[in-house]
Amino acid sequence: MRAARNLGLDMRSRQLRRCGLCGNTSILTRSHVPPQTAGNDAGVSRMAIVEDGKRAFLGRRSDGGLWVRGLCGDCNNLGGRRYDTAYGDFAKALRPYGGAARHLLVERNSAPAVLFAPGLVSRAILHGMHALSPHLREKFPILADQLAADEEAVRLPPGLRLRVALTYGLTARVSGAVHAQRVLDLRETYYVFAEVFFPPLAWALCPPHHESILDRERWVDATDWVRYSRERTSVDLRNIASGVPIVQHPLHQNPDDWVYMFSDKITPLLEGRLPH
Ligand SMILES: [Zn+2]
């Protein structure tokens, strides 16, 4: 029998690695994904997903939130200073819709009346995804350079979509590239370069893909949010999203329906438990 081992790439070690944004090699600093301002702090416990050769299960807990060493100090500070407050405000404003009020939202099939900063919020989550997934910089170097330089005109390259939805519950999960195929019931795919499920928000950075579960669930297309100027801090969510679905991670809804493929070389994977 094989010894139990962590599933996914270990992104918490202090070995020298390349920063997921600027590409410089150093001992990388801790990035919380999503930012601590969204509640990803001391009260959130992290659980490694462990495999013993036959099955995957959650390993022991440690407190301190979901974080990786994915960015150098300079890139980490840039994100923290400029975007994290806006991200925390957005998550806080949406939190009621991930709780008891979510049923109202589903019935009305509408977007919550929330004012926020789409440019700052999307940069915060893109920074976190680049911390999570070093593979992104290799695949889309221009985007990483634009984010690292904090350019006004950041654009997602053709073939890359940022999607967002609401989620609820006490389980969080963040990971790099995952490709999953539904093998029972419906025929559909879940294919992402990075994902952040941390109630009340779920984000996926993905290619436009045939038969995507994100399309069926009508995730909001937030690809262009990054084009909003940093000064636009009071945009009404209802004006840029006609409805925001409330979703759960495919693996958490019907785990037996899906076959997952990811690489221990490029995919970090963290699960967490939010405080009650
Ligand atoms: Zn850097």
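Phe90 belongs to helix H2 (residues 84–94) and Phe116 to strand E8 (residues 115–116), so the pair ties together parts 26 residues apart in sequence. Helices (H or I, at least four residues) and strands (E, at least two) are DSSP runs, numbered from the N terminus. Phe90 and Phe116 are both buried, meaning under 20% relative accessible area with a 1.4 Å probe, protein chains only (exposed is over 50%, partly exposed in between). Together with Tyr87, Trp203 and Trp225, they make up one aromatic cluster.

As for the strands, E12, E11 and E18 line up in that order as an open sheet with antiparallel pairing; two strands pair if DSSP finds at least two bridges between them. Strand E12 (189–192) and strand E18 (258–261) are at the edges with a single partner strand each, so one side of each has no neighbour in the sheet. Four bridges join E11 (residues 178–182) to E18 in the antiparallel sense, and Arg182 has Trp258 in E18 as its bridge partner.

Residues are numbered from 1 along each chain as its sequence is written, and side-chain values use heavy atoms, leaving out hydrogens and water. Because the model is predicted, local features need pLDDT of at least 70 and side-chain atom pairs count only at pLDDT 80 or more, while totals for chains, interfaces and linings use all residues.

Key: Phe/Tyr/Trp six-rings, centres within 6.5 Å; stacked < 30°, edge-to-face > 60°.
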